Amino acid sequence: MFSVKPLKPTFKSYLPPLHTDPKKTLQPPIKKLEAKLLPGEIVVNEANFVRKCIGTDSSQDDLWGKLICTNFKVSFITHDALSKQRFQVANLLLGEHDVPLACVEQVVTVNDAKGKQKVLGSNQKLKFNPTELILYCKDFRIIRFRFDEAGPESAKKVCLAIAHYSHPADPQLLFGFEYVGKQYYGKQGQRVNGVDPGGGVQTALFDRPSEWDREIKRTGASEWRVCCINEGYAVSPSLPEYFVVPVSLADQDLKQYSWFFTTHRIPLWCWNHPNGSALVRMANIADPLQQRKLDQRICRAITKSHPQRSDVMKSDLDKSLPNIQDIQAAFVKIRQICVIEPFEESEEKWLSSMESSRWLEYVRAFLKHSAEVVYLLEGKHVSVILQEEEDRDLGCVVSSLVQLMLDPHFRSLRGFQSLVQKDWVMAGHRFLDRCNHLKKNDKEECPLFFLFLDCVWQMMNQYPAAFEFTETYLTVLSDSMWIPLFSTFLFNCPQQRTENSIDFAQSKCIPLGEEKALRFPPVWDWSQQFSLKDQALFNNPMYVGKGATCVQNGAVKSFRRTKKNYSSTLRGMPTSLQNGLMDRCDTLTRRSSLVLRLKPDFSQVKEVVESPTERFFRDWFSGPADLQGMLLPQLLPSHLALWRLYFLRWVPEVRIPRGGPVTSYHKLSQVAHEIEMLQNQLRQYKGVTPAGTPVSTPSGSQSERSRMYFKAGPTNEASPEYLSSSFPFSPVGNMCRRSMLGTPLSKFLNGAKIWLSTETLASESV
């Protein structure tokens, strides 16, 4: 065999070698569109190439991305950014375009080509391929998605998934159970990373006797005691395990009395006035044969708890106030006026439509009734029993408002949160039913808690320096009802939370150890939702609290309000008009009623005898208000206003750039921050050494320690461009009404019903 030599290459290149930079040649990887998931959250379905509608008439600003449905939220993920100048408070649990499933009121699918539409419910079929999805949300948002470029099957599946998972069939299917099980409990039942849900929260939860004891001592209710007969919910499933009763009532008697009350709800102590009068809530007595005897025994025990042994007055809330059906109907009407109807078309009839909704009328009714209870406690020095069928709805509103008017502690942030926890959560308000989280029974739905927040806002609007928190705080608190993670708004009563969490823990093999049930985080730990900077939006720069500091003659002293610091704007007004509490005829006729009432009729001059109630209100309104004392609402129609930030924050037509209350809030925050800095400087120089050098202070920026969101700058520049009457919310992408003229939805959206009715559309479903 002969070996063959390899041939030498004959080609010669005269070009220099090409030197390439590997960093420049590598293409940057395309970031995948993936949703950020919480512990326990899983992706159920998704659709690519979905367009989120931003404008009503133009698609120029629309965003392209992926629409994802999880077991917690509807999430839209995009690489695009909104082109318009905007600002929105960032929720740590939700993305910029996320909507919790519990917040979805209705899921509407549309097919433009076939002219079909359908309201989707749980386990329903969809026989056409949707080209558009419209989400009507409980927080008044309307969000639209288009599927022009998406696959028809994926579009249909994601719509059906959203409809199904927004209608959970059981409380344990609410996302909070999965979240708590994964977030806080390990495989052996230990707390993950030692995290304690509710740990670090300074708000009293009233789930232990010691917290009730502290409240008894704070209010000076020496003749009342903590009762433990309902431990393990042995007496009533809707009462808390611990509550307060008169000292003179023995546990054995209370157990016997409980059989005669509706759902075994023994009377609950709410609060004690410094004069000894008590505010008590009570369910109706179910057995008419025992009613008189039980009434006497309960009233006798409450009388003994009063230092002067004064009488006990009863207030029947079912007869005095609108029922839950009327309140829900009014809320539905005002939602239509503010959101559903085209704003341009309803602008001329805005005020008359608002009046016909009766929402503000009901707000006034609850404020008025609460003020009358305040008169009994403060003016007549008598104890008051608020009586209601089950004592779980109207009583929550009235008892909370009464305490808010009488006790400045509940006008602080921590005090207000403890008030809601005590008189709503632990008292057994049916948040699960009233919020309709399971969407089972629309007749049980009623925005009673939101009605209470609106009443609080009316008081804040009249006395802005009396409350430590802001309307942003109230709005965010209302929005938190639709985030199904918190024990505060997730259940009808503490017993339901315990029962369902034990069942869930057993089904998931989660050992609870020494705990009775899974511990859901309360909403009061705001660090779960917002950064410290965003939480500063909750702080009112005008708040005058106990021990607030001021500067007098170069010294920092405790600030105390005196009556001469104020001027009364109501002095000289007619008695019957100073606070809107009319004598006998309580309601005003709608046309020229005020003029007719003020016009004197000299032909029939009669001496008006002033009642004790009128004298009480006249005396209070004739003097200056003490912001750290009792506050009474002004109730004339001109005194009550629409809560614009909540009802109109998503409506672009009413957004005022660099306008609205936030402009004054911006300036006041800067002034408050500047005062804080001056006070800190005075404190530093107060401890001057003999050599004349100030005492050194710990490092750290004063700006970082400030409670104010807006800080004082060198020149205190003008309002930022992102400020508007919607601040800190943005209507961009959150209120996209479909152009209704000439579309199949016009006959539904312009009808008498507010949200589209599933029953109405059932016959037209395809």
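**Briefing: sheet, salt bridges and a charged patch**

At 43% relative accessibility, K304 counts as partly exposed, a class lying between buried (under 20% relative accessible area) and exposed (over 50%), with a 1.4 Å probe and protein chains only. The model is predicted: local features need pLDDT of at least 70, side-chain atom pairs count only at pLDDT 80 or more, and totals for chains, interfaces and linings use all residues. Residues are numbered from 1 along each chain as its sequence is written, and side-chain values use heavy atoms, with hydrogens and water left out.

**Positive patch**
- K304 lies in helix α6 (residues 288–304); helices (H or I, at least four residues) and strands (E, at least two) are DSSP runs, numbered from the N terminus.

- Eight strands form an open sheet in the order β4-β3-β2-β1-β8-β7-β5-β6, with antiparallel pairing; two strands pair if DSSP finds at least two bridges between them.
- β4 (99–100) and β6 (116–120) stand at the edges with a single partner strand each, so one side of each has no neighbour in the sheet.
- β2 (residues 63–70) and β3 (residues 73–77) run antiparallel, joined by 4 bridges, and I68 has S75 as its bridge partner in β3.

**Strand β8**
- In β8 (residues 142–146), 5 of 5 residues are buried: I142, R144 and R146 lie on one side, I143 and F145 on the other.
- β1 (residues 43–52) is joined to β8 by 2 antiparallel bridges, with R51 opposite R146.
- β7 (residues 132–137) pairs antiparallel with β8 over 5 bridges, and L133 stands opposite F145.
- The β7–β8 hairpin has 4 residues between its strands, and F140 in the turn has a positive phi of about 80°.

**Salt bridges**
- The whole structure holds 31 salt bridges, each a side-chain nitrogen of Lys or Arg within 4 Å of a carboxyl oxygen of Asp or Glu.
- D295 and K314 form one, with the closest N and O atoms 2.6 Å apart; D295 is in helix α6 and K314 in strand β13 (residues 312–316), 19 residues apart.
- D295 counts as buried at 15% relative accessibility, whereas K314 is partly exposed at 37%.
- E444 and R434 form another, at 2.9 Å between the closest N and O atoms.
- R434 is buried at 4% relative accessibility, and E444 is partly exposed at 26%.
- A network of salt bridges links R51, D62, D112, E132, R144, R146 and D148.
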